Each structure stands twice: as structure tokens, then as C-alpha cells.
Amino acid sequence: MKLKNALFAASALVSVASTAAFAEELTIATVNNGDMIRMQGLTDDFTEKTGHTVEWVTLEENVLRQRVTTDISTKGGAFDVMTIGMYETPIWARNGWLVAMDDMSEEWDADDILPAMRGGLSVDGTLYAAPFYGESSMIMYRTDLMEKAGLEMPDAPTWEFVADAARKMTDKENEIYGICLRGKAGWGENMAFLTATSNAFGARWFDENWTAQFDQPAWKETLEFYVNLMNDAGPPGASTNGFNENLSLFQQGKCGMWIDATVAASFVTNPDDSTVADKVGFALAPNTGLGKNSNWLWAWALGIPAGTQKEAAAKEFVEWATSKEYIELVAANEGWANVPPGARTSLYENENYKDVPFAAMTLESIQSADPQNPTVDPVPYIGVQFAAIPEFAGIATEVGQEFSAALAGQQSVDEALEKAQALTTDAMEAAGY
Amino acid sequence: MARAVTNNRKALNTAIAWSIGILIFFPILWTILTSFKTEAQAISDPPVFLFFDWTLENYTVVQERSNYMRFLWNSVVIAGGSTILGLIIAVPAAWSMAFVPSKRTKDILLWMLSTKMLPAVGVLYPIYLIFIKLGILDTRTGLVIVMMLINLPIIVWMLYTYFREIPVEILEASRMDGATLKEEIIHILTPMAVPGIASTMLLNFILAWNEAFWTLNLTAAKAAPLTAFIASYSSPEGLFYAKLSAASTMAIAPILILGWFSQKQLVRGLTFGAVK
């Protein structure tokens, strides 16, 4: 009997010890946005299922980018899972800094990930970060103002139509501006919008030999069109407006149209925050008939730094957070309008999600962006609103400052393009391209 | 007549001082007010000043989402620890420079200050690598050391300035009475320099409390102080200004209260020796 008890106790101890050995504490770096905050609130579900606990490090997007870049490039090991974007993923993967996601479980269903997202987060066909949510950009417009202007928004409008509609909707005396676009300088600010727009106008950042292309007519056409349109139909002080400033203007009923991230749709249709929640329509980002729309493609994805001591537990977390079950968990707790969008095909086949007003246009926008072939003419880089090379963020921020100054009237379009060409050429030569 | 002019001038000076004071304090006041608004009221145009539906909802959300007390404790330990450690090193250093200067003292003082002229980001990677090697990344110990090092030049300079105001004859008298160096510093010099040391302490505590580059870059989950707490509520995609304001108010409240209660000491110390 004593022996039996001793054996029982020993086996119980081994069982407890093995559970404790497998239970890890993961440190996860993430950005502060609605979807990520919801995920933090649901972490208990992950802990219940796996026994692992999670410590969250939530930071503002630009701070986070600097923080995780420092850590991963020095192999600091401060984080076990990092929230990274479509820009960093291919660069870091090529440097060998990320764990490949090629051995995820069958239930996770890698084939269900939207092809555009998969393409942007893969290198040589291998996925290096799992998309948590994805976004494109689209037109959000005031249906009442469009009707008042005697126009009807097509599903896939041209820039000519959008410019005409914006000028007709503008009523500056009553502080209604036909179009609100990003003007604040930054590679993820005005340059995200302008690079995506330039794709529709037939422009590109570099030719096949990595030669800067700001001296080409397509860029001049893009920038002149943008500056003229904003001068005629944009809000005052547009050169300092980013996502939040335009969101605020749109929610207060001061914008006829706003072209920006598809995630904004849930904000502008929320009656608690938006005064125009019931008067918002959606359309694809404009084109010029050259075969490319002006929409971008972005994903916030979960990546695992190579060399982490907790790779297995980190993968369990990534599988949990980017699974179909997680989407259902959010839907059950927060409603279908709040599930992380743009990552999985199955979400858009779900009957419950089809009722969400902006779901179809979000999917169409994402599918119309191709990070592997973003421009009319061929380019040597991956990325729709960026070129996935380490030098891009620095160069584009400087170019963004020149373009923002042109919008503010501090210099002409020609001067801005001339400076952009010179600084890009210098930076690329210095980098050895 | 002369008295009337003086009164007018006094009134004018008071009005100017109040205007400047209100101007400087306004961003803090606005942050505090915004923290009691809804997100919609926070961005309303024209802005609402006092007449809105006051709510504590943002504070509730921030409390639920973040472990405020952990961030606060980290801030207290990092700011307090680095200030005390800095003083322990700086008091003897400033004493030697003030009372037994060599021909290189001025150069050393200038060299110490020159380290403040280097942009912090320039040494981020070396410091980060050292922290990895020493295993002090994301620890309060690491942050205390870094905060002490970056504030040490200021502490030494301030103490040096205060010590120079103390008559050297008093120290010589204590030596004549047989005081050792340790006794001289602890029992003679320090009591006389209390206002200066207190203001140096306060100023460096505030500097360490507000420091946001190293505290964000050398921490993750465990040692993150209130600067990281604020950064976790800032978002370029989404209007969370009311919640951000609530987080900011909670972060600045302790230092604001400390500053309020110690303002006399601070002003006394900062003007120490200014009027003879």
C-alpha cells in the first residue's frame, strides 16, 4: 500500500513538474490599436488552453518599431513574439532574424490566409510572420453630400471623377471640404498615400536598376494632381494632417471623401463617435485607367525572433491569436464588426460577417493590391506603398518632408521633385545600389 | 506719486507673471480636462473647455487595462535610486573640485558636460549590447545605472556651484579642530549645503522621472516605468486622446504633487547664492 501511495505521489509530482516545465511566460510587443487591445483582453483564453502566461508590452507604432528593431538586430531576446508589419517582415526574414512559420499545425490552415497577405509576409514562398489583421485603403464618402452634388459614386472610380466630385462637394464657408487626404510628412504617413497613388498614375520609386524615378513625368503628374486637388477641395492645414486628424474631420462631418486605411470604416460608422455614421459609403481607391488602383496593402503580423528560448510556446501563441477560433472568440465577445479583418479567406465566406457594411469593400481592396507587382512598369522591389529595403523608411521620410512642404505652399512641385530625386539618388548610391 | 508707479508696476509684473504661468501650465490643465471627457468631446470642434459631461470612464479603462502600480513603482525606484546613487558619487567629486581644485578641474567639468551634448541615440546600440552581456536588460538596476550616468554631469555641476558659495574658512576651521575628510563632508559641508543638495536631488528626480528615451529602449515588461505607460496609450491610428490624457494625468500626478510640496525648497536651492 505504501509503495502504491509512493508511486502515485511520485507520478503526480512528475506530472506537476512537467506542466510547470512547459508553462512559459511570454513577452509580447505590440501596437496600441483596437484589435490588439481586444487581444490583450482575451489572453486568459490562451492561458487556459496552454498554461502559458503573457506579459504585454504595448507601445505607439513608431516607438515599437524602433524598440523591436534594436532588440532583434542585437539578438537582445527581450521579446518572444513581436508585432511587425509588411515592411519589416521580408527585410528581417532575409537577414535570418525571424523564425519561419512553415511548420504550423494543420488546424491553423495556412492556405486560408488571403493570398495578398501571404505574399507580402513571405520570402521565397516561406511565411515568416502570421497576419493578425490586414488592411488596404479605400474611399469613404458621405452619401448625402454625393447626392447633393448630383453624382453617384461608382464602385471603382477614376481620379478624374473623385477630383470632380470633391470640388463639387466643397463648401468652404460651411467648413465642408470635398476631400481629406494625408499631408503629414513620414514614410507611413503622406508617403504611404502618395506612393500608392503614384502607382495608379504609372509612377514608381525605382526602375529595374534601382535608379530613382522622381524626375519622370508620372511623378510630376501625381504630385501636381494631389497638390491642386488639396488646394481646391482640401481642409486648411492639410500638410499636417495624418490618419487621426482626418478621422476627426470626417467624424465631425467636415469631409466629403476620405481615402485612407480600411480599418477606419469601423470608426466612421460607429454612432458613438461619428456624427455621420449612417451616411457613409465605400468605394475602391481611385485609378487612372492604367490598371492599378491607389490602394495600399498592410498587415500587422506576429513574428518570432530567431534565437528565442521559448520558440514552441511563442508558436502556440501565434497559432492561437491568428486562428479561425480566435476570430470566433472575438465575435462571441465583441461582435462580428470587431473581429480582426483582412487576414483569412474564411472570414469573408462567413454569413455573419457578410452583414458588416464595409466587409465586402475591404476584401475587394485587399485583393486588388499586389505587393509583388505593385506598379504599371516593372520594379525590383516588393511592396505597394513602400519598397521593402532597409533604406526606404529614411529616404521616404525625407521625400515626405519635401512633398509636405509643396502641399503647404513652401515650395513648388518641381522643386520638391528635384530635391526628392537628388536625396534619393544620394542615399541609394551611399547604400551601394 | 512714486508709490503709485511702484504699485502699478507691481500689478503689471504680477499680471505678466500670472500670464506666463498660465501659459506654461495650460497644456497640463488641458490634458487633465481632456482626461474627464469622452473621446468624441476630446476632439470636438470648437473645443469644449469646462462645460461638458464629466466622466471617469477613461480612468476606469486605463486602470483595467494596465497595471499602473507596477509602472509607478518602477518610476519611483529608477528615479529615486539613480538620484541617490548620483549624489553619493557627486558630493565627494564636487567637494574636491570646489575646495581642492587642480589646474585641470575646469577642463574636467567641461568634459563632463560635453557628454550631455552627444545625442543619446548615438550610443543606443553599444549600451544595449552591454546590457545584454551583463544581463541587465529590462531590469530596474540597469535603468538606475543609466539614469545616474546621464544625470551625473548635471548633479556634479549643480553641487560644484553650490559648494563654491560656502566659505572655505569654515572647512579649514573644522580641519583645525581635527575633523577627518569624511567628517568634514558629512558634518560640516553637507548641512551647510542642504538647500543646494535638496534642489539638486529634486531636479534630478524630475529629470529621471520624465526621461523617455532610455526608459523606453532598455525596458520591456518588467522594468518599464510610467513613460512606457504613457507610450502604450498613444496611437497614430485611432482617436484615443481622452484615454491618453487620463494615462498622462496619472503619470504626471505624483511628480506634480511632489513638486508642489517641495517648491519652496526647490526655489530656495535654485536661487542659493544668487544674491549676496
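Modeller: Beyond the neighbours within four places in sequence, A:M140 is in contact (C-beta atoms, placed from the backbone, within 7 Å) with A:F250, A:W258, A:A264, A:A265, A:V268, A:V280 and A:F282. The model is predicted, so local features need pLDDT of at least 70 and side-chain atom pairs pLDDT 80 or more, while totals for chains, interfaces and linings use all residues. Residues are numbered from 1 along each chain as its sequence is written, and chains are lettered from A, with ligands numbered from 1, in the order in which they are written.

A:M140 belongs to the largest nonpolar core, a set of 196 residues; such a core joins buried Ala, Val, Leu, Ile, Met, Phe, Trp, Tyr and Cys residues through C-beta atoms within 7 Å. A residue is buried if 20 or more other C-beta atoms lie within 10 Å of its own, exposed if 12 or fewer, and partly exposed in between, with C-beta atoms placed from the backbone. Together with A:V81, A:M257, B:A94 and B:L159, A:M140 touches the most other members of the core. Helix α7 of chain B (residues 140-164) supplies the largest share of this core, 14 residues; helices are DSSP runs of H or I, at least four residues, numbered from the N terminus. In chain A, at least three core residues come from each of domain 1 (24-135 + 297-354) and domain 2 (137-295 + 378-430), with bounds from an automatic or database domain assignment.

As for chain A itself, buried residues make up 51% of its 433 residues. Of its contacts with a separation of 6 or more, 73% join residues 24 or more positions apart.

Methods:
Helices (H or I, at least four residues) and strands (E, at least two) are DSSP runs, numbered from the N terminus. Two residues are in contact if their C-beta atoms, placed from the backbone, lie within 7 Å.
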